[in-house]
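Trainee: I am new to reading protein models. Could you walk me through one, feature by feature?

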Amino acid sequence: MKRAVTIQDISCFGKCSLTVALPVISAMGIETAVIPTAVLSTHTGTGFSGYTFRDLTDDIVPVSEHWKKLGLSFDALYTGYLGSKKQVEIISEFIDDFSTESNVTVVDPVLGDGGRYYAGFDDEFAAEMRKLCAKADYIIPNMTEVSFLLGIPYTDTYDEDYIKDKLVRLAEIGCRTPVITGVNFGDNRQGAAAYDSERKEFYFSLEENIQRTVHGTGDIFASVFTGAVVLGKTVERALDIAVKYTVDCIRATLPEADEMWYGTCFELCLGKLIEYADE
Ligand code: PXL
């Protein structure tokens, strides 16, 4: 059986990070170990204020030391939302310890959305995250995160050449295959783009653009993409599966007015994900 470890926070309510990655990757038939980096009462995005935050940075090294003694190994090391610069440094060491010739490292550099940082993040934190990205085989930023990682202004208006140029610049950070999410060329499509810097090939996967923003779609996309790569899918296929599933989830959330304001109803689509992973 394939085995991944995902390292990110638990937002106890709000459907993101670990409460998405664990069910999604498990549903793809992959054992999913976790290292929770913090426990929050809710996510920090739109809709919530006054959330609690318990930092678990001090637990990461002991977990890692124990796993080293046990001789554990993983087919994927997948990081998401991380709470502090110190935590990024520690996780960077974890990646040094657990990455091998045959496994993959996926870094979702969670920094912000809509041109703005999430609460508590700034340029210094982005610089630390950029160093982590240099160690990854795959990074999965949205356009806001691309702008913070590259130190360029955020824009939501661009063409294919703009995206290709940014993908090449992201690869220059040191990551083999950058993936940009939320790509939309101003028409009725939205999706993701990737660049395999070894093969020098670009891939675009675009589906219907549903004109609603729901929280947690980045985590759904990154989890499915990671699972697909672990299952041995090509970058092109992993991109297609992750885009298709994310769109399914957004579509399934539209009628759920009670939940739409804080999260995405990915649970309603897990059955389809299993089909996509088998194709
Ligand atoms: O969805 C990314 C994410 C993960 N974890 C926490 C967050 C967010 C985005 O807002 O606040 C705690």
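Mentor: Gladly. Let us begin with one residue. At 6% relative accessibility, Lys 166 counts as buried. The cut-off for buried is under 20%. Keep in mind that this is a predicted model.

Trainee: Where is Lys 166 placed, and which residues is Lys 166 in contact with?

Mentor: Lys 166 sits in helix 6, residues 160–172. Set aside neighbours within four places in sequence. Then Lys 166 is in contact with Val 146, Leu 150, Ile 152 and Ile 180. Thr 105 is 61 residues from Lys 166 in sequence, and the two C-alpha atoms are 21 Å apart.

Trainee: Now the whole chain. How many helices and strands are there?

Mentor: The protein has nine helices and eleven strands. Its C-alpha trace spans about 50 × 45 × 40 Å along the principal axes.

Trainee: What does the radius of gyration tell me?

Mentor: Compare it with the value for a compact globule. For 279 residues that value would be near 19 Å, and the protein has 17 Å, which agrees.

Trainee: What share of the residues count as buried?

Mentor: Of the 279 residues, 53% count as buried. The accessible surface comes to about 12,200 Å², and 48% of it belongs to carbon and sulfur atoms.

Trainee: And how do I read contacts along the chain?

Mentor: Check the separation in sequence.

Trainee: Can you show me a single buried residue in a strand?

Mentor: Take Leu 77, in strand 4. Leu 77 has a relative accessible area of 0%, so it is buried. Leave out residues up to four places away in sequence. Leu 77 then touches several others, including Val 5, Phe 94, Ile 95, Phe 98 and Val 106. Thr 226 is 149 residues from Leu 77 along the chain, yet their C-alpha atoms are separated by 9.0 Å.

Trainee: How do I read a helix with a buried side?

Mentor: Start with the general idea. An α-helix has 3.6 residues a turn, so residues three or four places apart point the same way. Now the case here. Helix 1 covers residues 18–27, and Leu 18, Val 20, Ala 21, Val 24 and Ile 25 are buried there. These residues cover an arc of only 155° around the axis, which puts them on the same side of helix 1.

Trainee: What covers the buried residues of helix 1?

Mentor: The cover includes strand 1, strand 2, strand 4, helix 7 and helix 9. After helix 1 comes Gly 29, with a positive phi near 85°.

Trainee: Which residues of helix 4 are buried?

Mentor: In helix 4, residues 123–133, they are Phe 125, Ala 126, Glu 128, Met 129, Leu 132 and Cys 133. Seen down the axis, they fall within an arc of 160°, so they line one face of helix 4. Asp 123, Glu 124 and Lys 131 are exposed on the other side. The buried residues of helix 4 pack against several elements, among them strand 4, helix 3 and helix 5.

Trainee: How many residues of helix 5 are buried?

Mentor: Eight of its eight residues are buried, so helix 5 is mostly covered. Among them are Met 143, Glu 145, Phe 148 and Leu 150. The buried residues of helix 5 pack against strand 6, strand 7, helix 4, helix 6 and strand 9.

Trainee: Where do they lie, and are they buried or exposed?

Mentor: Lys 15 lies in the loop between strand 1 and helix 1. Its relative accessible area is 11%, so Lys 15 is buried. Lys 200 is in the loop between strand 10 and strand 11. At 59% relative accessibility, Lys 200 counts as exposed. The cut-off for exposed is over 50%.

Trainee: One last feature. How are the charges placed?

Mentor: Compare the mean positions. The protein has 25 positive and 43 negative charges, and their mean positions are 2 Å apart.

Definitions and conventions
Residues are numbered from 1 along each chain as its sequence is written. This is a predicted model: local features need pLDDT of at least 70, side-chain atom pairs count only at pLDDT 80 or more; totals for chains, interfaces and linings use all residues. Side-chain values use heavy atoms; hydrogens and water are left out. Helices (H or I, at least four residues) and strands (E, at least two) are DSSP runs, numbered from the N terminus. The radius of gyration is taken over C-alpha atoms; the globule rule is 2.2 Å times the number of residues to the power 0.38. Buried means under 20% relative accessible area, exposed over 50%, partly exposed in between (1.4 Å probe, protein chains only). Accessible areas come from the Shrake-Rupley method with a 1.4 Å probe; for residues, only the protein chains shown count as cover. Lys and Arg count as positive and Asp and Glu as negative; His and the chain ends are not counted. The place of a charge is taken as NZ of Lys, CZ of Arg, CG of Asp or CD of Glu. The arc is that of the directions from the helix axis to the C-beta atoms. Contact means heavy atoms within 4.5 Å.
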